[in-house]
Amino acid sequence: MLAQPTDPQVGTWKLSLAKSKYSPGPAPKSATTKIEAAGAGTKVIVDQTPADGSTRHWEFTANYDGKDVPVIGNNPDADMIARTRVNANTVKTISKKNGKITTTQTSTVSSDGKTRTVTTTGTNAAGQTVNNVAVYERQ
């Protein structure tokens with residue numbers, strides 16, 4: 001058994017629809033986030049299937065320094081992302097589209113390391129108020 005990585009966010013996380021709440025809906029059909037250690041930060045790879053059955057894939061590599069980095073792929077609400085570490089288990093991510101802040105996410109890994117709760121607030125690129133709580137389970 002390998003030692004746990006020092007960053008509890010690192011791992012593959014699958015969305016638990018039963019434990020998550022999406023406002024505005026509809027919730028995605030599925031979502032997986034893969035987080036890998038990368039230098040002083042992480043590489044984040046997101047694959048989602050929205051309610052309409054289309055596919056979304058985006059990724060970014062960011063340090064926890066609050067500096068904007070580009071998002072590669074089709075994230076409807078962000079072309080830049082900046083991340084900061086709140087504490088050992090929590091990371092804050094600010095998403096921007098065309099220079100304007102859209103959403104703020106707080107991602108907290110449970111003390112047992114099995115779940116990651118991502119709370120998203122703000123206004124999406126479509127102008128809708130977002131207040132989501134997505135619960136992911138470590139794979």
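Here are legends for close-up views of this predicted model.

**View B. The pairing of S1 with S2.** Moving into the sheet, we meet S1 and S2, which run antiparallel to one another and are joined over four bridges. Look for Gly11, which stands opposite Ile35 in S2.

**View C. The largest nonpolar core.** This core holds 18 residues, and Phe60 and Tyr136 have the most contacts inside it. Two or more residues come from each of strand S1 (11-15), strand S2 (30-38), strand S3 (41-49), strand S4 (56-63) and strand S11 (129-138). S4 gives the largest share, with three residues.

**View D. The surroundings of Phe60.** Setting aside neighbours within four places in sequence, Phe60 touches Thr42, Lys43 and Val44, along with Val69, Pro70 and Val71. Ile81 and Arg83 are also in contact with Phe60.

**View E. Arginines over tyrosine rings.** Arg85 lies over the face of Tyr64, 4.4 Å from the ring centre. Tyr136, one of the two residues with the most contacts inside the largest nonpolar core, has Arg116 over its face, at 5.1 Å from the ring centre. As for aromatic pairs, with ring centres required to lie within 6.5 Å, the count is zero.

Technical notes:
Residues are numbered from 1 along each chain as its sequence is written. This is a predicted model: local features need pLDDT of at least 70, side-chain atom pairs count only at pLDDT 80 or more; totals for chains, interfaces and linings use all residues. Side-chain values use heavy atoms; hydrogens and water are left out. A nonpolar core is a set of buried Ala, Val, Leu, Ile, Met, Phe, Trp, Tyr and Cys residues joined through side-chain atoms within 4.5 Å. Buried means under 20% relative accessible area, exposed over 50%, partly exposed in between (1.4 Å probe, protein chains only). Contact means heavy atoms within 4.5 Å. Two strands pair if DSSP finds at least two bridges between them. Rings of Phe, Tyr and Trp (its six-membered ring) pair if their centres lie within 6.5 Å; planes under 30 degrees apart count as stacked, over 60 as edge-to-face and the rest as tilted. A charge sits over a ring if NZ of Lys or CZ of Arg is within 6 Å of the ring centre and within 35 degrees of the ring normal.
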